[in-house]
Amino acid sequence: MFGRLLWQLLRGNRGRLAVALVAIVGGGAVISAMFNMEIDVRKKLTQEFRSLGANVVLSGHGAGDQALMRESATEGVVERLQPQGTIASPFLYVVARTAANQPVVLAGTWLDRAPAITPWWQIQGEAILARDDISHCLVGKNVARQFALTPGSDLELRYADKVSHFSVSGIITAGDDEDDQVFANLAVVQNLSGLTDRIAMIQLRVTGSPQAIQSFASQLKIALPDAEARPIRQISETEGSLLARIQLLMITMALLILMLTGLCVFATMAALAMERRADVGLMKALGGSIGRIVRLFLAEVAVLGAVGGVLGYTCGAALTLWAGKRVFGVMISPRLEVLPLTIALMVGVALAGALPLRLLGKVKPAVILRGE
Amino acid sequence: MMARLVQVEGLTKVYGKVRALDGVTFDVEAGEWIAMMGPSGSGKTTLINILGGLDTPTSGCAVVDGVDVARFDEAGLTRYRAEKVGFVFQQFHLVPYLTAIENVMLAQYFHSTTDENEARKALERVGLGDRLTHVPAQLSGGEQQRVAVARSLINHPKLLLADEPTGNLDETNEQIVIDLLRELHVEGHTILMVTHDPSIGRLANRRIDLAHGRLQQIVTISAKD
């Protein structure tokens, strides 16, 4: 009979309950979407941050040639200590001269790693994707303008008595010093400058928390006393603080939404409690205890919360897919583990919103049956 | 000799400065049909509410089936209402979103367990076998009152309390309900009925007249009345 009464209660008051259900579905949709994103957001944001490039720089002490490090030894240490997923790229800078004897900064690096280490580069033309490509170079946009270079142009660079001939593969727009430099693969620059096995620095893209990055930098300092390892704090700390802020924002919004949903259910239930005074008065007159009567109404509210939770989760899944694409430009998949959480939260909110049903305990059947 | 089912002694109910009942004393034997009459405000409904466990007296006692209703706490009154009395109200008071059979089963639910077959038989008995799944809005006033009668009897109460049961009915439906009450009386049910209608009052065994909360007289009605 309990189930039958419950069903008739839901059917008999479907108009008013629909208002509460809409609020619960709305709340559930936003909450489940936020949970879905919260779970994925760290991963997605880390990927986004990774696109900001290097976050640790390892360079030698001193100035001029004294500041140069041995490539083979340094890379060996870095490879041993680096956390999984780290991307490293060595750099060597020399000042070369053009055929017209104009000075230009020539940077040697592993150009196949440029997309990971310097992802902000916009390249007009072709990127260089092979580390053993010795015939192509990339030139910064200011260098290209100065020497009237376009993709496909030839560029001759001299260093002391050595000459290298390049074909310009692409023009870099970086918005920084790189716009004034020419980039070629490290081996070419080492060969041209005669600085074999020498590098000026290694840029590293390290994954992990700011603490993990700091710890890695400290280990490098110990292992390479002649070198200096510096986390690029602006990026690594921003990552941590932004993630914490996003998490705080999501929790605050979730609480706010839960509160608003609860208030809407509260208002509906307050109106429903007034409407049901006559029914409750009658039920009491028939021998129904207030506990049994209120349990019936609470079950009704719980069903409402559960249905709202399921529908809210479904709408939230759509919202997750939409927001993932719009906000992060990636696919964020709705998580099944969010479903029970959404249902539990919506049932809890609905029950909390059903507080006005307590008023029914004060209903005097004799007064109600008199029609007052 | 019939057993005494109801014993009311010095029953008083005061609402603020108003004495709705003022020292009312009377007995009801099991199987009796009592008509309670008097002008509006004479205390009839207050008396029936106290006997039904819907209200509590200020003083005095109202013993029904050996228990003093005045001594019950809220939980005790709830059990008393479920087990000892059946109500028929002037306004029918059916739950609007429940069908006729569900309204009857609601009383079973609060009493103990539901038995749909028994509820169906109760409705068939009041001539509503073809109206089981109708909600109150789909029933006439007379039919609604018959559902209320079926509901009041479903738990086999010791005492049937009827407050103006025909007050909202047309003549035809009034006759149907009166015939039903008469049948119940013949079967041995104890009925305490409030009415303004002397012709209905004459159907009872005795008539209790109240005025200003006081008992005016108890009249035994003979067959020729």
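Which side chains meet in a salt bridge at 2.9 Å, N to O? In this predicted model, they are those of Arg4(A) and Glu102(B).

**View 1. Salt bridge between Arg4(A) and Glu102(B).** The side chains of the pair meet at 2.9 Å, N to O. Between chain A and chain B the count is two salt bridges. Six residue pairs are in polar contact across this interface, with both residues of each pair at pLDDT 80 or more.

**View 2. The side of chain A that touches chain B, by helix.** At least two residues each come from helix H1 (2-12), helix H9 (277-285), helix H10 (290-328) and helix H12 (365-369) of chain A. H1(A) gives the most, with six residues. By type, the residues on this side of chain A are 13 nonpolar, six polar and five charged.

**View 3. Area buried between chain A and chain B.** The two chains bury about 2,400 Å² between them, and 63% of this is on carbon and sulfur atoms. Met1(A), Leu286(A) and Arg292(A) supply 26% of the area that chain A buries against chain B, more than any other three residues. The contact involves 24 residues from chain A and 25 residues from chain B.

View 4. Asp133(A) is buried but has no salt bridge. Arg131(A), the nearest side chain of opposite charge, is 12 Å away. A polar atom of the Asp133(A) side chain lies 3.1 Å from the backbone nitrogen of Ser135(A). Apart from neighbours within four places in sequence, Asp133(A) is in contact with Ile128(A), Asn185(A) and Val188(A).

Definitions and conventions. Residues are numbered from 1 along each chain as its sequence is written. Chains are lettered from A and ligands numbered from 1 in the order in which they are written. This is a predicted model: local features need pLDDT of at least 70, side-chain atom pairs count only at pLDDT 80 or more; totals for chains, interfaces and linings use all residues. Side-chain values use heavy atoms; hydrogens and water are left out. Buried means under 20% relative accessible area, exposed over 50%, partly exposed in between (1.4 Å probe, protein chains only). Lys and Arg count as positive and Asp and Glu as negative; His and the chain ends are not counted. A salt bridge is a side-chain nitrogen of Lys or Arg within 4 Å of a carboxyl oxygen of Asp or Glu. A polar contact is a pair of N or O atoms within 3.5 Å; within protein, one must be able to donate a hydrogen and the other to accept it, and residues adjacent in sequence count only if both atoms are side-chain atoms. Contact means heavy atoms within 4.5 Å. Buried area is the accessible area (1.4 Å probe) that two parts lose on being put together, summed over both. Helices (H or I, at least four residues) and strands (E, at least two) are DSSP runs, numbered from the N terminus. Ala, Val, Leu, Ile, Met, Phe, Trp, Tyr, Cys and Pro count as nonpolar, Asp, Glu, Lys and Arg as charged, and the others, Gly among them, as polar.
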